[in-house]
Amino acid sequence: MTAPPPPPPDDDPAPTPAAPAPTPAAPAPASARRAADDRGREAAGKVLDRTKLLAARYRAAKLRPYLASALYALSVVPSWHLSTMGVDRHWRLYVCPDFVREHPVEELAAVWVHEVAHLLRDHRGRAERLREADRDDHLRLNLAQDCEINDDLIEDGLPLPSGRVEPKMFGLPQGRLFEEYLAGIPHSRTIHVECGSGAHGSAVPGELGAGGAAEVGEIEAGAIRRQTADAIRAHARGLGTVPGGWRRWADSVAEPVVDWRRRLTGALRQAVVWASGAMDYTYARPGRRSAALRGVVLPSLRQPLPRVAIVVDTSGSMGDEQLSACLAEVTGVLRAVGIRGNRVTVLACDADVQAVTRVTRADQVQLSGGGGTDMRVGIERARGGPHPPNIIVVLTDGITPWPDEPTGCRIIAGLIGADPPATPSWIEAVHITPA
């Protein structure tokens with residue numbers, strides 16, 4: 001007896017239930033993507049050579065011991081958002097591993113000094129005080145800041161990498177501040193530098209925010225600057241070699257410059273009080289005691305409001321923007337003390353008086369001229385008018401002859417520029433440094 005044949009195979013077996021489709025994962029945040037990218041680069045062998053980088057910092061601190069505290073305050077962050085090294089406002093040093101691999105320790109030590117100089121000299125804070133038009137192009141601003149730093153580093157003999165930025169690239173003199181260099185640097189993208197938001201103050205993609213890593217606060221940063229300034233001054237007193245730019249910076253931190261607006265305000269207010277002290281008798285308003293004396297009119301004392309002349313140097317060495325800024329400050333102070341309108345006369349003067357106007361606002365001034373410079377002409381013209389002033393304010397770069405002797409009225413010289421010549425002792429000088 002044979003067994004029945006097996007049933008034929010089922011040509012249409014029942015389908016196996018499909019597994020549910022996976023739920024799409026939410027996109028990773030930018031920080032996680034950057035971390036994954038960093039891990040991928042590390043896996044590819046592009047890790048930061050910290051030993052080499054820190055050896056460069058040790059070398060920089062050993063050769064320039066007065067910068068040691070500032071150098072060791074920086075925290076290192078490996079990063080690929082820039083091609084060299086840069087800093088943020090929190091004293092973090094962003095380092096491209098490729099840049100460390102491609103340069104010797106000596107050059108890396110110089111770059112350490114360069115980057116910490118941005119923070120010590122408070123380039124970010126100074127940049128924020130510029131006009132908005134000067135802050136728009138942060139690459140141009142960065143070039144000016146590099147010019148301020150690198151001429152000192154070159155003078156100091158530090159071997160910066162090739163392609164370094166220095167003032168002579170733009171036909172500019174050495175030893176100036178970046179605010180002075182800025183006007184001579186074109187809006188060009190042919191030279192690209194990126195030293196981070198700790199230099200120019202603008203946001204840079206790839207930098208960490210507050211709390212993202214070890215950071216230095218504003219109070220601690222101020223203490224580091226003062227400590228470094230003291231170390232530089234002590235090193236210079238010990239016959240050590242310190243570049244002139246570093247010495248000037250240290251002196252400005254140890255002996256802060258008084259804000260010129262406060263000095264100018266104080267000088268003008270004092271002059272107004274001095275001029276207003278010239279009291280006289282007047283019958284325009286009878287004295288209060290006249291009522292007690294029938295038929296007798298007694299005069300009252302009158303304290304006149306002084307007249308002010310502003311002599312503006314419009315020679316070729318002066319810039320209209322600087323003059324307008326200074327004039328706005330002067331007219332603002334005069335309004336604050338109650339002097340305005342026809343009591344303020346402005347004289348535009350180079351080697352001769354070019355225009356005389358009565359103003360109530362800075363934009364009413366006629367700035368004309370552009371020739372030689374002789375502020376004596378403007379002072380004499382102001383004194384020889386129908387209503388001689390009690391106070392004369394001269395806005396100039398100081399490269400001018402002055403009267404040989406006091407003129408009989410108070411003269412205040414607002415000296416514009418980095419290093420103006422001295423004025424005669426009887427002229428009150430205020431050194432103006434407009435932004």
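Start by selecting Asp122, which counts as partly exposed at 23% relative accessibility (buried means under 20% relative accessible area, exposed over 50%, and partly exposed in between, with a 1.4 Å probe and protein chains only). Keep in mind that this is a predicted model: local features need pLDDT of at least 70, side-chain atom pairs count only at pLDDT 80 or more, and totals for chains, interfaces and linings use all residues. Residues are numbered from 1 along each chain as its sequence is written, and side-chain values use heavy atoms, leaving out hydrogens and water.

Asp122 lies in the loop between helix 5 and helix 6 (123–128). Helices (H or I, at least four residues) and strands (E, at least two) are DSSP runs, numbered from the N terminus. Check the backbone here: phi of Asp122 is near 50 degrees, a positive value in a residue other than glycine. Most residues other than glycine have a negative phi.

Now jump to Trp91, in the loop between strand 2 and strand 3. Trp91 also has a positive phi, about 65 degrees, without being a glycine. Is Trp91 buried or exposed? Trp91 is buried, with a relative accessible area of 2%.

Three strands make an open sheet in the order 1-3-2, with mixed pairing (two strands pair if DSSP finds at least two bridges between them). Strand 1 (75–78) and strand 2 (85–87) each have a single partner strand, so they stand at the edges with one side left without a neighbour in the sheet. Strand 2 and strand 3 (residues 92–95) run antiparallel and are joined by three bridges. To spot one, pick Met85, whose bridge partner in strand 3 is Val95.

Contact means heavy atoms within 4.5 Å.

Which residues have the most contacts inside the largest nonpolar core? Select Met85, Trp91, Trp112, Leu120 and Trp246, in a core of 45 residues (a set of buried Ala, Val, Leu, Ile, Met, Phe, Trp, Tyr and Cys residues joined through side-chain atoms within 4.5 Å). Helix 5 gives the most to this core, with 10 residues. Beyond its neighbours within four places in sequence, Trp112 is in contact with residues including Leu53, Ala56, Met85 and Leu93.

Last stop: helix 2 (residues 50–63). Its buried residues include Leu53, Ala56 and Ala60, and among the elements covering the buried residues are helix 3 (68–73), helix 4 (97–102) and helix 5.

Conventions:
Expected span 1.5 Å × (residues − 1).
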